[in-house]
Structure formats: C-alpha cells, structure tokens
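User: I am new to this structure and would like to learn how to read its features. Could you guide me through them one at a time?

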Amino acid sequence: MKFPYCQHRHRPPDPKAPALEIQGLGVSYSSEEKFALRDFDISVPAGSNLALVGPNGAGKSTLFKAICGLLPIRQGHIRVFGHPLAACHHRVVYLPQRSEIDWYFPISVLDLVVMGRYVYLGWFNRPRKSDIEIARHALKEMNVLDLVDRQISKLSGGQQQRVLIARALTQNADLLLLDEPLNAVDASTRQTVAEVLHKIKAQGKTVIVATHYYNQEEGRYDKAIYLKDGHKCII
Amino acid sequence: MHYLTDPFQYEFIRRAVLAAVIIGVLCAALGTFVVLRRMAVVGHALTHSALPGLVIAYLMGGSLFAGALIATVLTALGIGFLSRDENVYEDTLVGMVPNIMFAFGILLISTTKSFRDLFSMLFGNILGVTDGDLHLIMLISAVSLVALFLFYKELKLFTVDPNYAKTIGMPVKFMHYGILLFLSFTVVVGIQAVGTVLTNALLVIPVAAARLLTDRLGVMMILSCIFAVLSAVGGIYVSYYLGSASGASIVIFAALIFGLVWIVRSLSFPPPTKTFGGKLQRGSRSLRDE
C-alpha cells in the first residue's frame with residue numbers, strides 16, 4: 001500500500017513536452033511587494049544541460065525554489081514534463097545551498113541520503129533494502145562511500161556537498177536543479193561533481209546549474225542563461 | 001533495600017510512579033523533536049499558557065485536563081498562525097504569549113480565596129494522581145507515542161531539511177501544526193507531574209543530557225526516556241523521604257542527571273575544536289544555534 005505525500009497522483013511525463021516550461025513567471029517572497037523574479041519565460045528541452053549565470057541576488061535561487069514548489073507563484077505558470085509540479089514531485093530535485101540543512105541533527109550520512117527515496121515511499125513505509133542499496137550506490141558515485149556511517153555534523157564542506165548530491169542522485173529525478181554545486185568546495189570535489197554531471201547528462205537527464213564559475217566551465221553546458229535583478233538578460 | 005520498596009506499600013505512590021514513568025517516556029520522546037527543532041521556547045510558552053485553562057476549569061468545576069488542553073491547543077495554533085506573518089517574529093511571540101496567559105491565569109485565581117490549588121497547578125502534584133487521571137495520561141500518551149512511531153521518518157526529514165520535505169510534496173504546514181498539537185497534549189500530561197512552571201524542564205533536560213552522549217537519533221530518544229523516567233521516579237522518592245514538593249524534586253533530579261552526564265562527557269572527550277576552514281565545528285557537543 002502506498003500513501004503518497006501529495007494528494008495528486010504522480011503522472012508519467014508527456015513525451016512531447018519540454019523538461020521545463022515557464023511562462024510569464026513572477027515570484028516574490030511573501031512579505032515583500034517587490035518581485036524577486038518577473039516576466040520570466042524559458043523552455044528547456046529534455047536532456048539539455050543549462051547554466052544559470054548571474055551575480056548574487058539576481059534571482060537564481062528564487063527561480064529554482066519557484067520551480068520546485070518552495071515559493072508561491074504570483075504570476076504565470078511552470079510546467080515540468082508537461083505537468084504542474086504537484087503531479088511530478090519525484091521528477092524534480094533541487095540541490096539547496098549547504099547552509100539550508102541542519103547539519104547538527106543526529107543522523108548518519110546514510111540516513112540523510114536515504115531520504116532521497118522518501119518521495120517514492122510516502123507515509124508509513126520504511127526504506128527497504130533496495131532503497132539503501134540505491135543510496136549506497138549514489139554515495140559510491142560521489143566517492144564518499146567510506147563516510148556512510150559518519151554523523152553529518154562531522155563532514156567537511158566538500159563532503160557535505162558530495163553527500164547532498166548523493167541524496168539528489170538517490171531520488172533519481174529527471175530534472176536536476178543544482179544551486180551553486182561548486183561553491184566553496186575543494187578541487188577533488190569539483191572534479192567528482194563534474195564527472196557525475198557528465199554521467200547524468202549521458203543518461204538523458206536535464207540539468208540546470210546555477211553557477212559563479214561559468215567562464216571556467218563554459219564547455220560543459222549546452223547553453224547559458226544570464227539573470228540580473230530578476231530578469232533574463234541574454235540568451 | 002526496604003528504602004526502595006517501602007513507598008510502594010501505598011496505593012497513591014504506586015499510582016504516582018506509574019504515572020511518572022508514562023509521563024517521563026512521553027515527554028522525552030516528544031522532547032527529542034522539540035529540542036532538535038529548536039522549539040524548546042515554544043514548549044515553555046505552551047506550558048505557561050495552560051494556567052488560565054486550568055483556573056477556568058477549576059472555577060467552573062470542570063475537568064482540569066480539558067481546561068489545560070483547550071488553553072494549550074489554542075495557544076499553539078495561535079502561535080503557529082500569527083508567526084506566519086514574517087513581521088511577527090516567532091521568538092518574540094513565544095516570549096510574549098506565556099506571560100500574558102500566565103498573568104490572565106493569576107488574575108482569575110486571585111478572584112478566589114484558595115491559593116492551595118494554585119500551588120498544585122503551578123508546581124504539579126503527581127502524588128495526588130487519581131485513577132481517572134491515570135487513564136487519561138495513558139490514553140494521551142498511547143496516542144502520541146503511536147503517532148510519533150508512525151511519522152518518525154517524516155519528522156526526521158522535516159527537522160533536518162524542511163525545504164526538501166516540501167519539495168517532495170510533504171504537507172509541511174500540516175506537520176508543523178501536528179507537532180504543536182502533540183506538544184500541547186504532552187504539556188497537559190506533564191502538568192500533572194510537575195505543573196505548568198516546570199513541565200518544559202521535563203521536555204528539555206533529559207533530551208539535552210542524552211544529546212551529550214550520542215549522535216544517533218534512536219539512541220538519543222531511548223536515553224532521553226531512561227533519564228526522564230529516572231528523574232520522575234527519583235523525584236518521587238526524594239519527595240517521599242524529604243517531604244519536598246514532588247514536581248520540583250523531579251526537575252532537580254533531572255538537572256542532577258544532566259550535570260553528571262556533562263561532567264562525565266567533559267572528562268572523557270576533548271572539547272570542540274576549530275576545523276574545516278576555521279569555522280567552529282560544534283560536533284555533537286552543543287545544542288546552541290550557530
């Protein structure tokens with residue numbers, strides 16, 4: 001028996017629809033009148049690899065948060081694989097900035113990564129062996145399988161990032177929204193992340209990366225979108 | 001040995017110990033999430049807010065349980081509702097509400113002549129637990145513990161990463177109110193043991209002690225329960241032999257356990273060190289926010 005978290009049934013993707021389609025999007029944080037993102041349109045074909053470039057405060061995180069349902073949409077609409085988000089929570093994963101997690105919560109790395117399976121488990125079902133295997137596999141891909149039993153407060157910045165990406169991989173989503181995955185991490189983590197992103201792309205998944213390092217990484221993306229003050233600048 | 005068994009010849013002591021064990025387990029189990037979600041001050045607000053409910057129920061000759069429950073649930077929902085406005089800080093609210101509710105309760109009781117009953121409302125009277133109270137304590141505890149068991153996985157995720165919980169479609173608002181609701185239940189049960197003023201101590205102190213000893217949530221909950229039960233039963237013994245107030249004895253017992261654990265922990269483990277880019281790494285040792 002399954003009891004999904006959201007009342008809406010998960011629907012299969014519409015094969016003709018783009019991975020992400022946004023029209024006339026306007027988003028603001030609840031207490032503010034000013035829109036953090038305004039009149040934003042974009043269509044991202046499935047399987048593409050996109051960079052979202054812009055200074056701090058340009059609206060990169062805001063855009064991601066709106067797509068994955070963390071911020072209410074004031075104007076316009078967002079469709080993911082042809083459906084509203086409520087019909088495909090499991091297909092979208094958002095890699096938050098590391099500071100948004102309570103790293104002092106007393107659980108192990110494996111416990112945290114297995115949480116990537118919760119969207120499939122729903123209420124009352126506990127993670128099964130197969131879920132734990134998927135989590136371990138993701139940790140292996142991120143080269144941190146040795147940290148599996150470590151308490152999450154005892155991770156370095158780079159390790160935290162790897163573990164969070166492992167959780168995102170565990171969800172096995174088709175649209176990945178990665179917020180500054182390379183920010184303030186060591187060179188080897190950067191290398192691992194780059195390799196994993198390459199693999200994900202080869203699997204036909206759609207990836208959008210918010211980044212500061214666009215100049216160094218230009219070759220990795222199919223396309224870049226520049227954001228400034230909540231507007232799209234150039235395509 | 002007879003020092004341990006002597007008190008048990010009395011029916012009211014046996015009832016009190018049973019109530020104390022149940023209340024201890026419930027407070028510690030829920031207290032674990034209260035502490036980890038940094039809601040200790042909310043617990044404080046709720047415990048104090050029960051007073052006017054208790055007084056009104058007392059004056060009207062109704063059930064004290066029901067009075068306390070209504071007052072706490074209304075406060076919990078009120079805080080949850082008002083704090084959705086980002087211009088009303090939740091911590092200001094929880095600093096404000098208990099004082100207002102407490103003042104209201106004292107205002108009401110000052111209209112009567114009896115202050116003896118006020119004493120047991122404020123500081124609890126576990127030695128005066130009746131069979132009816134005990135049944136209610138059992139019922140509320142059973143419901144709360146079953147809920148905690150059923151939603152354990154979701155509570156974990158909701159606490160460590162509420163945003164991720166929201167992105168996978170979890171009804172986070174509903175869960176927030178749910179925690180407040182069960183916190184109210186627990187507070188009402190705890191009031192029976194240690195009163196409105198001290199119930200928060202039973203929610204927080206055993207958990208704080210357990211947190212010093214472990215990095216695992218499950219172990220932490222079990223240790224918290226053991227500490228809470230030890231405190232509750234130990235407090236009853238102290239109260240029996242010294243004739244001291246039972247609620248205060250329980251809380252002091254809990255504090256002694258915390259002190260002992262802290263000393264043992266400090267002697268056997270090195271203090272937190274600066275690592276990882278110069279940022280103070282608190283590890284498992286502290287409960288404070290960054």
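User: How many residues of chain B are in contact with chain A?

Analyst: Please keep in mind that this is a predicted model. A contact here requires C-beta atoms within 7 Å. In this case, 28 residues of chain B are in contact with 29 residues of chain A.

User: Which helices of chain B each supply at least two residues of the side that touches chain A?

Analyst: They are helix H8 (152-160), helix H9 (162-167) and helix H11 (217-242) of chain B. H8(B) gives the most, with five residues. Sorted by class, the side of chain B that touches chain A has eleven nonpolar, nine polar and eight charged residues.

User: Why is H8(B) largely enclosed by the rest of the structure?

Analyst: A residue is buried if 20 or more other C-beta atoms lie within 10 Å of its own. H8(B) is largely enclosed because seven of its nine residues are buried. These are B:Glu154, B:Leu155, B:Lys156, B:Leu157, B:Phe158, B:Thr159 and B:Val160.

User: Against which helices do the buried residues of H8(B) pack?

Analyst: From chain A, the partners are helix H2 (109-114) and helix H3 (118-121). From chain B, they are helix H2 (11-36), H9, helix H10 (172-213) and H11.

User: Is B:Phe8 buried or exposed?

Analyst: B:Phe8 counts as exposed, because it has 10 C-beta neighbours inside 10 Å. The residue lies in the loop between helix H1 (2-5) and H2 of chain B. Leaving aside residues up to four places away in sequence, B:Phe8 touches B:Ile13 and B:Arg14.

Notes: Residues are numbered from 1 along each chain as its sequence is written. Chains are lettered from A and ligands numbered from 1 in the order in which they are written. This is a predicted model: local features need pLDDT of at least 70, side-chain atom pairs count only at pLDDT 80 or more; totals for chains, interfaces and linings use all residues. Two residues are in contact if their C-beta atoms, placed from the backbone, lie within 7 Å. Helices (H or I, at least four residues) and strands (E, at least two) are DSSP runs, numbered from the N terminus. Ala, Val, Leu, Ile, Met, Phe, Trp, Tyr, Cys and Pro count as nonpolar, Asp, Glu, Lys and Arg as charged, and the others, Gly among them, as polar. A residue is buried if 20 or more other C-beta atoms lie within 10 Å of its own, exposed if 12 or fewer, and partly exposed in between; C-beta atoms are placed from the backbone.
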